[in-house]
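Please look through the sequence and the structure shown below before reading the briefing.

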Amino acid sequence: MRAFQALKRQLCECLIEQLEGRRMTVPEAGQIIWRMFIDLCTSRTYHGAGPNPITHSEIRAYLALYRWPLEPRHVDLIFAMDRVWLDHAHRQQRLRLANQPSANDPTLDRGAFDAVFG
């Protein structure tokens with residue numbers, strides 16, 4: 001079980017490296033899970049406040065489509081990676097919102113004013 005926890009940590013660290021634009025090498029033992037996560041991530045849905053997490057039903061449909069037999073611990077890896085991805089996405093969203101001019105900002109330009117008030 002210790003090896004499985006090490007794999008989870010390694011995959012999550014690799015994902016952080018990739019999200020931050022650094023080079024990384026996915027461990028050989030995690031190649032298939034990594035590919036599954038990337039496939040599931042590209043079909044992710046979004047709502048008004050940002051991305052939705054990957055759901056059990058999406059994983060079940062993916063596994064049925066590609067006929068992959070996974071154990072619950074493998075699905076746990078996908079969910080751990082998804083938490084890392086979501087944390088990064090929410091952090092990026094907060095940074096974007098913090099850098100946007102507020103409605104009370106006196107430097108609001110004409111284009112922004114016209115977009116709001118027509």
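Predicted model: local features only at pLDDT ≥ 70, side-chain atom pairs only at ≥ 80, totals over all residues.

Residues are numbered from 1 along each chain as its sequence is written, and side-chain values use heavy atoms, with hydrogens and water left out.

**Packing of two helices**

- Helix H1 (residues 2-19) packs against helix H2 (residues 31-42) at an angle of about 50°, and their axes are 11 Å apart; helices here are DSSP runs of H or I with at least four residues, numbered from the N terminus.
- The axes are lines fitted to C-alpha atoms over the stretch in contact, with angles running from 0 to 180 degrees between N-to-C directions.
- H1 is therefore oblique to H2, a word for the angles that remain when those under 35 degrees count as roughly parallel, those over 145 as roughly antiparallel and those from 65 to 115 as roughly perpendicular.
- Leu11, Cys14, Leu15 and Gln18 in H1 meet Ile33, Trp34 and Phe37 in H2, where contact means heavy atoms within 4.5 Å.

**Rings**

- A search of the whole structure finds 1 aromatic pair, and because the rings of tyrosine 62 and tyrosine 66 have their centres 4.8 Å apart and their planes at 50°, this pair is tilted.
- Rings of Phe, Tyr and Trp (its six-membered ring) pair if their centres lie within 6.5 Å, and planes under 30 degrees apart count as stacked, over 60 as edge-to-face and the rest as tilted.
- Tyrosine 62 and tyrosine 66 are 4 residues apart in helix H3 (residues 56-66), so about one helical turn separates them.
- Tyrosine 62 is buried at 10% relative accessible area, whereas tyrosine 66 is partly exposed at 47%; buried means under 20%, exposed over 50% and partly exposed in between, with a 1.4 Å probe and protein chains only.

**Two residues of helix H4**

- Isoleucine 78 lies in helix H4 (residues 72-98) and is buried, with a relative accessible area of 0%.
- Although isoleucine 78 and isoleucine 33 are 45 residues apart in sequence, they are 6.9 Å apart in space, C-alpha to C-alpha.
- Not counting residues up to four places away in sequence, isoleucine 78 touches Ile33, Met36, Phe37, Leu40, Ile59 and Leu70.
- Histidine 74 is also placed in helix H4 and is buried at 18% relative accessible area, and, leaving aside its neighbours within four places in sequence, histidine 74 is in contact with Phe4 and Ile33.
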